[in-house]
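Subject: Structure for you to look at

Hello,

Here is the structure I said I would pass on. Please open it alongside this email and follow the notes below.

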Protein chains: 2
Amino acid sequence: MLRAIAPSNSLAERVTATLPRVAQVFESQLSSELAAVNELCRHVERYRGKMLRPMLVLAGGGVGGAPSCTTSHVVLAAVVEMIHMATLVHDDVLDEAEVRRGGRTLNSLRGNEAAVMLGDYLISNAFHLCASVGDSSLNQALGEVTNRLCQGELLQLSLRGETSLDEATYFDIIDRKTASLTGACCALGARLSGVESSTQQAMESFGRALGVAFQIQDDLLDLLGEERTVGKSVGRDLAKGKLTLPVVLHLRQASTESVARAMAAIRGADIKALGAEVRASGAAGRAAAQAEVQVRRAKEAIAVLPHDEARDLLISLADATINRSS
Amino acid sequence: MLRAIAPSNSLAERVTATLPRVAQVFESQLSSELAAVNELCRHVERYRGKMLRPMLVLAGGGVGGAPSCTTSHVVLAAVVEMIHMATLVHDDVLDEAEVRRGGRTLNSLRGNEAAVMLGDYLISNAFHLCASVGDSSLNQALGEVTNRLCQGELLQLSLRGETSLDEATYFDIIDRKTASLTGACCALGARLSGVESSTQQAMESFGRALGVAFQIQDDLLDLLGEERTVGKSVGRDLAKGKLTLPVVLHLRQASTESVARAMAAIRGADIKALGAEVRASGAAGRAAAQAEVQVRRAKEAIAVLPHDEARDLLISLADATINRSS
């Protein structure tokens, strides 16, 4: 992904070259003397995708020309990836999803029990690894993020099947469950490089807006994408009663007839019919436009920073969040 | 529980008097601006029982006459209780249990999804709260314990239905999933009081042996107890294919006929029949004797410590782990 975006950018190259070290720290942290544990972990390593969150840590660490990709950055990058993997494993249990990254999910292969426990093992290891940096305020910051993330999931769960969900609540949910982590990746990456607090705040705003854009794009892919292209189960939001932005916009703005057809599709969990209505009313396009607004907002947040290769890399990462089909 | 054991012990009284502060820190840590989150947390607070783990932290903190019940001890006590609650919530999902502390479990009332997510919220908050002490080595120690705990659960899961389970593996599982946390409660409580490392090690050994005894007693109650008395679903180990010590001992030592009847009871998940066989062969009694051996071992581990009220309190806590019916 990164190679395609910025082949000649030397920070981008350093970041790309560092990702295997991140993967190595990730794997060595999870490694156990128990074969049963290692086998499950190997399965999760197959989930690894674009490594967006580690890239945000490493890119964030390079802001203002600071030395990025230090050992602490690599450790933090592995930590955030581990938290992300834990949410994937537990989300798949919650969503009863069967496919991820083109392969069977852990819950579908080994049952919910192994998936619940392995998710716990990932969370536990993430905090253990984070503590190895030796800065308890980093653990506290990580804890704040994961608290917020869980609150977002719990809020979403409590609103399942709620067709009167409004835009503000939708944005509150995704800010908590997705954007809090991407925001922290950028801010903490920068903090490890010792940049001043206003820069950390700019990075936090950048990462949060990027996270919101990323989640809207994810929601669009779940509603309108094909499992083959997306590489994971689609239509899970509908099946699990989660109303996402395109549907929220449709239900508030489409014609009475189209809303009635969409409501019937929601009741019948008919993803094709719902997708067709949301596309035809323009709500899908309006949701995509909102993702673009967020990408613009992300870029504006770091416009104050010196124009250097870190900023360029962050901008290309922001653009890539919505220009993707998987 | 404590009041009945040692009414005139002044450290015991201080510990008892401190437990409401632990509960307060616990509740205030979990409190959220989201009503949906608070409602679920209130449900979990109903699970609170004997608060054995917080008591171990506070008692461990008083070893050698050190000032126990400081703010750090109270925080750590709330942290370990939160980890324990998380394991209860996720265990109930794994065990499909319906009753806990005489009431309905969260999973049975709100579904597995809410229970998975709330367990995550508890783990996340435990680490966040632990970081507030400002000592990253404490977070690292906690992470080591929870890694070990999850490994124990994963090992147990991988061996479900395995009727050839041997004693050594059984002890390895419960040392990880139960004794690692009780050992850490004692050792870290003592460490926060600044005692020397040999004392911390003695406390670790004490807490580990106590945890093993506790788990054997739990297993006996699950096999032979009544839901009304125990206050939680019984027979879950059998229903979930978990072989526990009394059954392991029975299958290795009972007569061929009795083993055959026990195997039939295991296949048919007939808890009454299995309990009767295990009781009649003496395996239940031998498991109870093993719990007593562990209590003795726990006491021996702290025999080297000065004879003071902390040691007396720890000894009475050890005795109480096996003299209980719930």
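**What was found**

Of the 326 residues in chain A, 55% count as buried (20 or more other C-beta atoms within 10 Å of the residue's own; 12 or fewer is exposed, in between is partly exposed, and C-beta atoms are placed from the backbone). This is a predicted model, in which local features need pLDDT of at least 70 and side-chain atom pairs count only at pLDDT 80 or more, while totals for chains, interfaces and linings use all residues. Residues are numbered from 1 along each chain as its sequence is written, and chains are lettered from A and ligands numbered from 1 in the order in which they are written.

**Chain A overall**

Among contacts in chain A with a separation of 6 or more, 74% join residues 24 or more positions apart (a contact means C-beta atoms, placed from the backbone, within 7 Å).

**A helix pair in chain A**

How do helices H15 and H16 of chain A pack? Helix H15 (residues 283–301) and helix H16 (residues 309–322) of chain A pack at an angle of about 175°, with their axes 10 Å apart (axes are lines fitted to C-alpha atoms, for helices over the stretch in contact, and angles run from 0 to 180 degrees between N-to-C directions). H15(A) and H16(A) are therefore roughly antiparallel (over 145 degrees; under 35 is roughly parallel, 65 to 115 roughly perpendicular, and the rest oblique). H15(A) contributes Ala291(A), Glu292(A), Val295(A), Ala298(A) and Lys299(A) to the contact, and H16(A) contributes Ile315(A), Ala318(A), Asp319(A), Thr321(A) and Ile322(A). By class, this contact of H15(A) with H16(A) has six nonpolar, one polar and three charged residues (Ala, Val, Leu, Ile, Met, Phe, Trp, Tyr, Cys and Pro count as nonpolar, Asp, Glu, Lys and Arg as charged, and the others, Gly among them, as polar).

Ala209(A) is in helix H9 (residues 197–224) of chain A. Ala209(A) counts as buried because 26 C-beta neighbours are inside 10 Å. Leaving out residues up to four places away in sequence, Ala209(A) touches Gln294(A), Arg297(A), Ala298(A) and Ala301(A). Ala209(A) and Ala291(A) are 82 residues apart along the chain, and their C-alpha atoms are separated by 8.9 Å.

Is Ser31(A) buried or exposed? Ser31(A) has 12 other C-beta atoms within 10 Å, so it is exposed. Ser31(A) sits in the loop between helix H2 (10–30) and helix H3 (35–45) of chain A.

Ala269(A) is not a glycine, yet it has a positive phi of about 50°. Ala269(A) lies in the loop between helix H13 (256–267) and helix H14 (271–280) of chain A, and it is partly exposed, with 13 other C-beta atoms within 10 Å.

**Chain B**

Met51(B) also is not a glycine and has a positive phi, of about 55°. Met51(B) lies in the loop between H3 and H4 of chain B and is buried, with 22 other C-beta atoms within 10 Å.

Helix H2 (residues 10–30) and helix H4 (residues 52–61) of chain B pack at about 125°, with their axes 10 Å apart, and are therefore oblique to each other. In this pair, Val15(B), Thr18(B), Leu19(B) and Val22(B) of H2(B) meet Pro54(B), Met55(B), Leu58(B) and Ala59(B) of H4(B). By class, that contact has seven nonpolar, one polar and no charged residues.

H4(B) also packs with H5(B), at about 150° with axes 8 Å apart, which makes H4(B) roughly antiparallel to H5(B).

**Where the chains meet**

The contact takes 39 residues from chain B and 39 residues from chain A. On the side of chain B that touches chain A, the residues divide into 18 nonpolar, 16 polar and five charged.

Regards

Definitions and conventions
Two residues are in contact if their C-beta atoms, placed from the backbone, lie within 7 Å. Helices (H or I, at least four residues) and strands (E, at least two) are DSSP runs, numbered from the N terminus.
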